[in-house]
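This report describes one protein model in plain terms.

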Amino acid sequence: MEYRHFGRTGMRVSVLGLGCGGFGGVGSAPELFGRGEDKQTAFALMNRAWEAGITYFDTADSYGGGVSETIIGAWLKERKVRDQLILSTKVGYALAEGPTDQGLSRRHLIQAIDGSLRRLQTDYIDLYVTMEPDPNTPIGETLQTMNDLMHAGKVRHIGASNVSLPQLRESLAASDRLGVHRYQSVQNGYSLLDRGIEADVFPLAAEERLAVTPFGPTAGGLLTGKYRFGEPPASDSRLGLRPQPYRHLLTERTFRSIDALREAAKERGVALGTLALAWVLSHPAVTAALIGPRRVEHFEPSLAAVAVHLSMVEREAIASRIEAVAA
Ligand SMILES: NC(=O)c1ccc[n+]([C@@H]2O[C@H](COP(=O)([O-])OP(=O)(O)OC[C@H]3O[C@@H](n4cnc5c(N)ncnc54)[C@H](OP(=O)(O)O)[C@@H]3O)[C@@H](O)[C@H]2O)c1
């Protein structure tokens with residue numbers, strides 16, 4: 001395993017972060033609570049990750065309706081490795097049905113952190129991440145509250161997910177203006193099929209020394225080559241269960257691009273999923289990529305990616321095989 005500095009926090013993380021979004025559900029989608037990995041499978045995945053040197057786990061209070069955090073908490077209690085783990089959880093999406101049970105208001109953050117700590121059976125979160133900006137709460141209120149949670153010892157660092165460049169800029173400026181802790185990381189989607197953040201968020205992250213921890217490195221499994229154009233996805237696959245985030249990619253053009261990438265992977269003697277992940281990890285702005293294995297066998301292509309280092313020229317040559325697909 002390779003470890004990298006996490007922005008300017010002083011922490012170091014494994015370049016692969018274990019995405020725990022599939023424990024007990026498929027991410028935060030309420031209609032799919034109960035359709036994810038059960039406790040036994042999740043324990044096997046965490047054990048395999050730990051054995052491979054993965055020391056960074058990512059979850060959210062809303063994943064599986066709280067089940068993801070609960071399972072991680074049970075695993076931590078059993079394995080007793082809390083102090084060696086960089087534990088990241090997220091806040092912002094609804095877990096309960098009350099009118100203030102979501103968003104980034106002071107009221108919700110103060111309530112949500114205690115729920116996360118209880119489910120995770122820990123007294124601190126290494127990285128507390130806002131799921132997405134909340135248009136109904138001033139950014140200053142969110143940052144001031146996060147600062148209070150840090151001073152209370154409940155949170156060590158904060159990060160932002162699903163942020164645009166202007167939102168990130170505004171939040172960093174607000175922290176400086178208020179004299180409170182800033183976001184230290186960005187968690188946005190990034191893959192060969194979704195390069196949007198390269199041109200704007202990456203340069204700012206580099207300038208501000210923010211950690212960048214992309215999710216979706218295989219675009220929900222599309223870049224493992226498991227899907228075929230025109231063939232319905234298996235009902236228990238990501239695309240079978242939750243196609244919405246990938247619908248715009250399900251075109252003939254995307255699948256022609258995937259075929260071309262499959263050739264590129266073959267030329268290098270690696271699996272397509274390995275090449276896709278290595279491509280993400282090789283961008284100098286990227287700190288760690290969040291992977292979403294559902295079975296222990298899924299780790300192998302991801303672990304192989306850690307040893308594949310691509311230069312910027314090689315990355316562009318690989319990306320040039322893609323027909324323009326992503327928005
Ligand atoms: N902040 C956010 O908004 C946000 C959004 C999404 C994800 N995340 C985080 O990022 C993590 C990873 O994201 P992601 O799950 O979208 O990543 P991803 O790598 O794009 O997709 C994971 C899916 O790919 C398939 N897969 C993974 N390894 C495979 C292999 N070796 N062979 C075949 N298929 C394989 C699995 O699909 P099947 O289910 O079909 O087997 C799995 O569900 C999540 O767990 C979560 O922690 C954050």
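Two residues are in contact if their C-beta atoms, placed from the backbone, lie within 7 Å. Helices (H or I, at least four residues) and strands (E, at least two) are DSSP runs, numbered from the N terminus. The buried residues of α10 pack against α9 (252-268), β10 (289-291), α11 (299-305) and α12 (312-319).

The model is predicted: local features need pLDDT of at least 70, side-chain atom pairs count only at pLDDT 80 or more, and totals for chains, interfaces and linings use all residues. Residues are numbered from 1 along each chain as its sequence is written.

A residue is buried if 20 or more other C-beta atoms lie within 10 Å of its own, exposed if 12 or fewer, and partly exposed in between. Helix α10 (residues 272-281) is largely enclosed by the rest of the structure, because 10 of its 10 residues are buried. Among them are Leu 272, Gly 273 and Trp 279.

Strand β7 (residues 155-161) is also mostly covered, with 6 of its 7 residues buried.

β6, helix α4 (residues 139-151) and β7 form a right-handed β-α-β unit, and β7, helix α5 (residues 165-178) and β8 form another right-handed one. A crossover is right-handed if, with the strands pointing away from the viewer, the path from the first strand over the helix to the second runs clockwise.

The ligand has 28 residues around it, and Gly 19, Gly 21, Phe 215, Gly 221 and Gly 292 come nearest. Here a residue is near if its C-beta atom, placed from the backbone, lies within 6 Å of the molecule. The shell holds 8 nonpolar, 16 polar and 4 charged residues; Ala, Val, Leu, Ile, Met, Phe, Trp, Tyr, Cys and Pro count as nonpolar, Asp, Glu, Lys and Arg as charged, and the others, Gly among them, as polar.

Overall, the protein has 12 helices and 10 strands. Its radius of gyration is 19 Å, close to the 20 Å that the globule rule gives for 327 residues, so the protein is as compact as a globular protein of that length. The radius is taken over C-alpha atoms, and the rule is 2.2 Å times the number of residues to the power 0.38. Buried residues make up 47% of the 327 residues.
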